Amino acid sequence: MPISRSDWSARERAHQERADRLTAEHRARSARGEKHPVWDFLFTYYGYKPAQLRRWHPGAGVELEEAAEREGWRWYSPGLSVGSVVPDAAAFAQEKPELAGLIERMLRRTASRPGQFGCFGLHEWAMVYRAEDHRHPVPLRLGQAGTDAVVENHELRCTHFDAFRFFTPEAVPRNRTGLSRDTQPLFEQPGCLHAGMDLYRWAMKLGPLVPGELLLDTFELARDIRLLDMQAAPYDLAAWGVEPVRIETTDGKAEYVRQQRSFADRGALLRSRLLIAWLGQDAGSQSAQGAHRLSDAAISNRSVSTRSAAS
């Protein structure tokens, strides 16, 4: 059913206001030339500017009435009435077949797997293991020797290539699995914090095929996950008001797993919504089945993960 100009304009304004609230502090810091070791990541690593986050789209196949100004926008096609336009999933697939295939594989395969909850965020520790120079110019909570000892006393279980590729050379062989870009779809799993954050990446890459409200939901998930990611990191971020989740302790491990499970559940729902918005109800149904299997696996493995968290 087409959306009238007044209705979609109201949704667009609400989206812009929400996006402005979400990026206000970052934009203020940028204007002052200030860096932040936690939140800058959302704009530097992913590389999307606040203005891109602010642009609202209705999602694939949703017709906007009286939207002639969007006729030249990428992956929009003419609608049924004069001056109306529709985000076109087929046009996206035709122009970007490799990207479309990759995004679908990543979303479907990740949704189909059970979550793994025994990594304890040690990827950040592996990035500074036995290293003189660190990615963030802030001190280590336990010092270099203490940080190295934590890595050596645990098994590295990273499944996300874009974290693994930043491991120090000494940390790489300590990981349970060797990872590569080509094999990324084979190992991505929904318990991984970075797999949850990357839902924002996939939503951005799909552009107008994703409703603006869903895009901002993925950004909020990425923001919330990023905080835990750095709370569990080896850095001392007290100067920025960040309280650590001390994963080197039994209580810290349990807290990390608790939050990790919550993020996995949120990510599963957003993953399903992305597929539905982009490819339709059938795609979402298959993804939802994967999310259901994730929840069942999480319940059945809860006691195992609890014992692991205490080890």
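The model is a predicted one, in which local features need pLDDT of at least 70 and side-chain atom pairs count only at pLDDT 80 or more, while totals for chains, interfaces and linings use all residues. Residues are numbered from 1 along each chain as its sequence is written, and side-chain values use heavy atoms, with hydrogens and water left out.

**The helix pair**

Begin by selecting residues 97–112, which form helix α5, together with residues 250–279, which form helix α12; helices here are DSSP runs of H or I with at least four residues, strands are runs of E with at least two, and both are numbered from the N terminus. Their axes come within 10 Å and cross at roughly 140°, where axes are lines fitted to C-alpha atoms, for helices over the stretch in contact, and angles run from 0 to 180 degrees between N-to-C directions. The two helices are therefore oblique to each other, a term for whatever is left once angles under 35 degrees count as roughly parallel, over 145 as roughly antiparallel and 65 to 115 as roughly perpendicular.

Next, show the side chains where the two helices meet: α5 brings residues including Ala100, Ile103 and Leu107, and α12 brings Arg271, Leu274, Leu275, Trp278 and Leu279, contact being heavy atoms within 4.5 Å.

**Helix α10 and the residue after it**

Now move to residues 193–206, helix α10, whose 14 residues reach 21 Å from the first C-alpha to the last, close to the 20 Å expected at 1.5 Å a residue, the expected span being 1.5 Å times one less than the number of residues. Of these 14 residues, 13 are buried, that is, under 20% relative accessible area, with exposed meaning over 50% and partly exposed in between (1.4 Å probe, protein chains only). Just after α10, select Gly207, which takes a positive phi of about 55°.

**A buried histidine**

Select His160, in the loop between α7 (143–152) and α8 (161–164), which counts as buried at 1% relative accessibility. Leaving aside residues up to four places away in sequence, His160 touches several residues, among them Leu179, Glu188, His194 and Asp198.

**Two residues in one loop**

Most residues other than glycine have a negative phi. Finish with Glu66, in the loop between α3 (50–54) and β1 (76–78), which has a positive phi of about 50° and is exposed, with a relative accessible area of 55%. Trp75, in the loop between α3 and β1, has a positive phi of about 65°, but counts as buried at 11% relative accessibility.
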